Each structure stands twice: as structure tokens, then as C-alpha cells.
2 protein chains.
Amino acid sequence: MYRPEIKVIDCTVRDGGLMNKWQFDDAFVKQVYESVAAAGVDYMEIGYLSSESAFPRSEYGAWKFCAEPDLKRIIGKEPKKIKFAAMADIGRIDFNDIPPADQSSLDMVRVACYAHQVDAAVELAHHVMDKGYEATINLMAVSTVTGRELNEALDDLGKSRVPVIYVVDSFGNYYQEDIEHLVHLYQEHLPGKTIGLHMHNNQQLAFANTIAGIIANANYLDATLYGFGRGAGNCPLELLLSFLKNPKFRVRPLVEAIDKVVLPWYRKIEWGYSVPYMISGTLNQHPREAMAKMDADHRDSVLEFYDRVASQPV
Amino acid sequence: MYRPEIKVIDCTVRDGGLMNKWQFDDAFVKQVYESVAAAGVDYMEIGYLSSESAFPRSEYGAWKFCAEPDLKRIIGKEPKKIKFAAMADIGRIDFNDIPPADQSSLDMVRVACYAHQVDAAVELAHHVMDKGYEATINLMAVSTVTGRELNEALDDLGKSRVPVIYVVDSFGNYYQEDIEHLVHLYQEHLPGKTIGLHMHNNQQLAFANTIAGIIANANYLDATLYGFGRGAGNCPLELLLSFLKNPKFRVRPLVEAIDKVVLPWYRKIEWGYSVPYMISGTLNQHPREAMAKMDADHRDSVLEFYDRVASQPV
């Protein structure tokens with residue numbers, strides 16, 4: 001039996017855009033929109049909410065900003081077919097640049113923060129909730145903070161009005177038993193709140209860890225088409241929907257989007273499992289060095305990378 | 001704490017050879033040999049035991065046969081550094097073609113069979129044990145047999161002298177909870193025997209399912225360098241060793257082998273996760289159609305494949 005509380009969030013444009021500075025043409029974003037809506041996905045995270053004063057439009061594509069005219073162009077003339085979400089990073093969006101929800105096509109704002117930024121994240125999340133949006137807080141890189149720091153951050157989040165808090169495996173470092181442990185820990189500190197999951201695939205465990213979190217009762221599930229996302233990528237949406245039992249979900253529209261618009265990008269910029277990402281994941285490191293490595297020589301001389309970043313055998 | 005009963009079997013040459021008819025040069029096989037031995041791996045499965053009357057040497061490389069002169073050439077003049085295993089398929093090896101163990105560099109023969117071939121598999125396994133080899137039986141494609149058939153096959157295996165019986169996810173169809181269930185089922189039917197794991201990666205779960213099996217107390221673990229193996233490939237050896245706690249294991253030699261000899265093959269024949277293998281895995285089908293698809297047009301028009309093989313939505 002399926003769990004009706006489960007919501008699936010497609011993050012293809014937002015997380016995939018970390019690989020190409022959101023340089024997607026409208027045909028790409030429209031195809032993702034049509035396909036994930038037809039597949040029964042609950043939310044489409046279409047990019048970041050950023051202030052245009054902080055990032056130049058000449059360098060970044062439209063989905064770094066999620067301005068209303070860009071959203072409208074994707075929706076077209078028919079009624080909107082799926083809820084839209086955008087991610088906001090602490091300090092990169094001026095509160096005054098966020099319109100009231102009734103003047104926006106966005107339905108949800110997801111605030112990404114590190115443990116030491118929790119107070120700022122709650123302030124931003126409350127602000128967008130007061131403007132009429134749904135909100136989540138996505139607590140990043142918890143694999144690098146101590147147990148005491150995490151407990152304190154969770155207790156602060158517990159006092160907030162934010163209804164959904166995410167377990168984020170930013171570095172792709174966790175095994176299934178870690179996710180099970182974290183979801184239970186979050187539940188203890190966050191009574192009454194919903195737990196979300198955002199996994200990375202450095203150890204080919206993004207889907208497996210999402211399953212482990214589902215079993216532990218996490219209900220907001222992030223995934224992307226063909227795993228399109230930073231570095232080793234994310235939980236593949238097509239695997240997640242074929243696992244979930246809710247009969248509203250359809251895989252064929254996802255295969256169509258992968259076929260038409262995702263594989264062409266994959267052939268250009270390849271994300272997914274590779275030795276440098278495996279190494280950064282097992283060492284619990286940010287993927288930036290591995291990404292630079294992959295950009296520079298495209299999976300060659302991985303032993304050189306190992307010897308440079310692994311101070312001791314993994 | 002690590003479990004000393006755990007044995008790791010590298011299947012790179014044997015399972016990877018299913019992708020190229022074992023057309024590996026000696027430099028490839030020697031590098032795998034040196035590296036997996038240096039990494040502390042317990043067995044290297046170096047190919048199949050097949051009768052040369054059944055397969056032409058003109059079409060198949062040396063590791064379809066594992067003849068003693070070929071094995072000796074890899075070992076060279078120094079003492080052998082790791083135990084060698086070879087796989088035998090029912091009906092493809094004449095018993096008379098198997099030398100006594102004391103005249104062979106092979107230490108273990110692994111008999112692969114389907115549920116309806118269990119009696120023949122036990123006969124072959126007992127034969128090689130009587131010739132002095134270690135033996136396992138690898139029961140394939142159990143995701144396609146009924147519960148009654150599986151119980152009967154397991155009970156027959158329970159009456160045998162064969163000490164190690166494998167859970168094999170031939171089609172990459174299982175989730176972690178399936179593997180946990182199967183390992184427990186095998187343990188019930190096979191008291192006193194060791195359970196092995198051989199997973200495929202159609203749903204990016206080969207490593208995760210191996211972890212699930214380890215937690216359920218399976219102790220013989222198959223993996224391959226960079227997941228090199230048929231179709232979506234296998235559990236990546238580098239991930240498995242970085243997960244296992246036994247301090248004898250080393251990852252660096254594996255990265256060296258991947259760098260020097262595995263990635264060049266990957267660039268030529270690409271195995272691993274792709275939409276056709278995902279579809280065959282979720283549909284519980286043999287990967288042969290997906291492999292033909294991948295050979296034919298290399299990951300293009302995956303929607304056409306979906307519509308051809310998926311009679312109903314997955």
C-alpha cells in the first residue's frame with residue numbers, strides 16, 4: 001500500500017543547473033514541466049530565488065532567478081499543471097525581491113542552509129510563509145558537523161513554524177543505516193514536522209538511501225530525471241516513481257523527457273558515478289575538487305586524483 | 001568491527017567478459033590480478049570453465065576456458081598471490097575436461113544454475129569438490145521462480161555437501177528488503193551453509209543490496225572493478241572495500257587498476273546504469289533485449305525501447 005503523505009519533488013532544473021549555470025533553453029524546461037506533471041510528481045523545483053544584483057544575467061541562466069515572466073513563459077496559456085518550488089540560499093536573496101505569493105507562480109520556497117545558519121534560515125522561511133508560500137528548510141552537509149551542533153540546530157528548527165525539514169546528504173557520504181539513524185533523530189527533535197530527503201549519488205546510494213528514508217517515514221522525496229544534478233547527481237526520479245506504489249505515478253513521461261532533453265545534456269556534461277566523486281564521497285569532502293577534476297580531464301588519471309586528495313587510504 | 005568470515009570475490013574478468021566475449025589481453029588480466037591481490041581481495045574469479053569443443057577459441061578469449069597454460073602465464077614466476085575461481089555453467093563443461101585441483105591453478109569452481117537445474121548443479125559441484133576444489137552454487141534468476149519452486153530448490157541444496165550458496169539478482173530486480181528476505185530464507189533452508197551475494201545494478205542498487213545482505217549475515221560478496229559486468233554491471237569493488245572495515249583491505253590498488261585498464265574499456269563499451277537496463281530491471285526481464293538496444297544505438301531513443309518492452313506502465 002502507498003503512503004498518501006508522500007510528496008515527490010523533481011529537482012532536475014535546480015540541481016542539474018548547478019552543472020551548467022542554469023543555461024537551459026525553454027524547450028528543456030518546458031519538456032521537464034510537461035513530463036513531471038504528466039508523471040504525477042507533486043512539485044517541480046524550477047531553480048533558485050536569487051537577487052539579480054548578486055549574480056549577472058550574462059553569466060547565469062534564467063533559473064538562477066525564477067523571475068515571474070520566465071515562469072509564466074513556461075506555463076503558457078493553460079492552467080499551471082504542477083506546483084512550483086524554488087530554492088533560496090541564505091544571503092543571496094534580498095527579502096524585498098520576493099513578491100507576495102499571490103503575485104507569483106511559485107508555490108513553495110525551500111531554504112538551504114548550513115547548521116550554523118539555522119537562525120537566518122528560519123527568519124527567511126518565516127518571511128516567505130508570511131508572504132503566503134509553503135516553506136521547507138534543507139539542512140546541508142550535516143555529515144561534517146558534530147552531534148552536539150546537529151542537535152542544537154534541530155532543536156532550533158523544532159521551535160520554528162517551518163513544517164518540513166530535510167535530511168540532505170550533500171557529499172554523498174552516507175550509507176542506508178546512517179539515513180535511517182538521521183531520519184529517526186530528526187523525528188525526535190522535530191515532533192509534528194515532516195522529514196524530507198535529498199540524496200547524492202557518490203556511492204551509488206542516492207536511490208537506496210531514499211528507500212531507507214521512506215521506510216523510516218520520511219515523506220518529502222527529492223529526485224531528478226536520470227539523476228541530473230551536481231557531481232555524482234541525485235536519486236533518479238524514474239527509479240523512485242517505479243518503486244513508489246501510488247497508482248497516480250507514471251514512468252513513461254519521464255522516459256520521454258530523458259529521451260528528448262536529458263540525454264543530450266548527459267552526452268555533453270556527464271554527471272553520475274565516477275571515481276573522483278566516489279573518493280570525495282567516501283572521504284566526506286565537498287565535491288568541488290572532484291568536479292574540477294572531471295572538468296579538467298574528464299575521468300582520466302583518477303589515480304593522480306586519489307593520491308592528491310586521499311591523505312590516507314579510504 | 002569487521003566480520004572475519006566475510007570473503008570478497010572479484011568477478012571483473014568473468015562478468016566483465018560477458019560484455020566482450022573475454023577478449024582481454026594479458027596486460028588487462030595481469031593488472032586486475034596484481035591490484036585485487038594488493039587490495040586484500042580473497043578470490044579472483046578469472047573466467048569460465050568451458051569445454052573447448054563447445055565454444056570456438058576463434059570467437060572467445062582465453063577466459064572463457066581458463067586453461068592451465070593461460071592461468072600460469074598470468075601468475076608468472078612468483079608464487080600465486082590470490083585464490084583463483086572460475087564459473088561453470090551446467091552442460092557447458094565436460095567433467096573429463098576438469099583436471100584434479102592439484103594439477104590446476106584454480107582453487108574454487110562456482111557452479112551457476114537455474115532453479116530447475118539444481119540436481120545437475122549439485123552433481124557438478126560434488127564432482128569438483130571430489131577433485132579437490134572449493135565449490136559454490138550460484139542460483140540464478142530466482143526473481144522469476146515461484147516461492148514453491150525456490151523452497152524446493154533450496155531444500156535440495158540443503159541436502160548437498162556444497163558449503164556456499166549464492167543469492168543472485170540476475171535481472172537487477174530486487175530492492176534491499178527483498179535481499180534481506182532472501183538471505184533469511186536461504187539461511188532457514190540451508191542451516192550451516194554460508195550465503196553469498198551477486199547483485200546487478202539495473203536500479204543502482206547493487207552496492208546497496210550487497211550492504212543489505214551483509215547486515216543479514218551473508219558472507220561471500222561478489223563485486224567488480226568500477227562495476228564492470230553484464231548490462232548494468234555489478235557491485236563496484238571500490239565501493240565495497242571502502243565500506244568493509246577489515247583493515248587488510250586497500251582501495252588505492254583498485255583505483256590504479258581502474259585508471260590503467262578498466263576505464264579504457266569503459267570508454268569503448270560502457271556498462272552501468274541506463275534507461276534500457278532500468279526498464280528491464282523493474283520489469284524483471286533478462287537484460288538481453290536491453291543489451292541489444294545498447295549495442296544497436298547506444299542509449300538513443302529510449303522511449304522507443306520503453307514502448308516496445310513495457311506492455312504496461314512500470
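## Reading the surface and fold of chain A

Mentor: Start with the surface. Chain A exposes about 11600 Å², and carbon and sulfur atoms supply 49% of that area. Keep in mind that this is a predicted model.

Trainee: What share of the residues in chain A is buried?

Mentor: Buried has a cut-off: under 20% relative accessible area. In chain A, 64% of the 314 residues are buried.

Trainee: How does the radius of gyration of chain A agree with that of a compact globule?

Mentor: Set the value beside the rule. A compact globule with 314 residues would have a radius of gyration near 20 Å. Chain A has 19 Å, so the two agree. Along the principal axes, the C-alpha atoms fill a box of roughly 55 × 45 × 45 Å.

Trainee: How many helices and strands are in chain A?

Mentor: Chain A has 12 helices and eight strands. Now look at contacts between residues at least 6 apart in sequence. Of these, 75% join residues at least 24 apart.

Trainee: Which residues does UniProt list for a domain?

Mentor: An unreviewed UniProt entry gives "domain: Pyruvate carboxyltransferase" for residues 6-259 of chain A. That span is 35% helix and 17% strand. Its end C-alpha atoms lie 27 Å apart.

Trainee: How many positive and negative side chains does chain A have?

Mentor: Count 32 positive and 42 negative. The centres of the two sets lie 5 Å apart.

Trainee: Now a single residue. Is B:Ala310 buried or exposed?

Mentor: B:Ala310 counts as buried because its relative accessibility is 10%. B:Ala310 sits in the segment after helix H12 (302-309) of chain B. B:Ala290 is 20 residues away along the chain, and the two C-alpha atoms are separated by 12 Å.

Conventions. Residues numbered from 1 in each chain as written. Chains lettered and ligands numbered in written order. Predicted model: local features only at pLDDT ≥ 70, side-chain atom pairs only at ≥ 80, totals over all residues. Heavy atoms only, no water. Helix = DSSP H or I, 4+ residues; strand = E, 2+ residues; numbered from the N terminus. Rg over C-alpha atoms; globule rule 2.2 N^0.38 Å. Buried < 20%, exposed > 50% of the residue type's maximum accessible area, 1.4 Å probe, protein only. Contact = heavy atoms within 4.5 Å. Areas by Shrake-Rupley, 256 points an atom, 1.4 Å probe, with all protein chains shown as cover. Lys, Arg positive; Asp, Glu negative; His and termini not counted. Charge placed at Lys NZ, Arg CZ, Asp CG, Glu CD. UniProt positions renumbered as here; feature names shortened; annotations may be inferred.
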